[in-house]
Amino acid sequence: SSSSSSSSTEPLLLLLLRIPDFTPILQSPLALGGVLYTGLITTALALWVEGQAFSKVPATDASLILTTEPLVAAGIGAVTLGETFGVSDYIGATMIVGACILATLLNDTPNAGEEEDDNDDDDDDCDPNVDTDCQLERKTPLFGVF
């Protein structure tokens with residue numbers, strides 16, 4: 001009885017632990033080239049370029065740009081592949097755009113209880129685009145709390 005139960009689970013276990021045979025891909029120059037191109041150019045190079053570009057902008061700008069990435073991908077999919085959207089997709093897109101607008105508006109407004117200072121002489125030469133400590137010292141737009 002115990003041997004029949006173990007023999008019935010063996011095919012399932014082998015199926016779960018089975019590693020695909022990559023030999024046909026490795027033997028085909030076209031398939032191997034496609035895998036290498038996808039991994040090295042469209043993924044690794046793209047992420048490296050993205051990292052270089054985002055290292056030159058403030059973190060808030062980078063986060064806003066990255067937040068809109070799904071919208072750009074969906075738009076490209078709609079134009080090139082004829083993808084369609086449902087109600088939840090439109091709600092999600094509206095929330096993303098709304099959050100970006102809100103973050104931009106709150107970032108441009110002085111914090112609650114603070115007066116806007118037009119005098120740049122006492123700014124102690126803090127450049128938030130370069131100085132990480134300066135970025136940490138900046139108060140956040142949401143009532144100076146978050």
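Helices here are DSSP runs of at least four residues, and strands are runs of at least two. With that in hand, start the tour.

**The whole chain.** Show everything as a cartoon. This is a predicted model. You will find seven helices and zero strands. Walk from the N terminus, and the elements read α-α-α-α-α-α-α.

**The surface.** How much of the protein is buried? Of its 146 residues, 5% are.

**The contacts.** Now think about pairs of residues with a separation of 6 or more. Among the contacts of that kind, 49% link residues 24 or more positions apart.

**Helix H5.** Select residues 69-81. This is H5, with 13 residues. Draw a line from its first C-alpha to its last: the reach is 17 Å, close to the 18 Å expected at 1.5 Å a residue. As you look along a helix, keep one rule in mind. An α-helix has 3.6 residues a turn, so residues three or four places apart point the same way.

**The aromatic pair.** How many aromatic pairs are there? The count is one. Select Phe85 and Tyr90, and show their rings. The ring centres are 5.9 Å apart. The planes meet at 75 degrees, and planes over 60 degrees apart count as edge-to-face, so this pair is edge-to-face.

**Last stop: Phe85.** Is Phe85 buried, exposed or partly exposed? Phe85 is partly exposed, with a relative accessible area of 34%.

How values were computed. Residues are numbered from 1 along each chain as its sequence is written. This is a predicted model: local features need pLDDT of at least 70, side-chain atom pairs count only at pLDDT 80 or more; totals for chains, interfaces and linings use all residues. Side-chain values use heavy atoms; hydrogens and water are left out. Buried means under 20% relative accessible area, exposed over 50%, partly exposed in between (1.4 Å probe, protein chains only). Contact means heavy atoms within 4.5 Å. The expected span of a helix is 1.5 Å times one less than its number of residues. Rings of Phe, Tyr and Trp (its six-membered ring) pair if their centres lie within 6.5 Å; planes under 30 degrees apart count as stacked, over 60 as edge-to-face and the rest as tilted.
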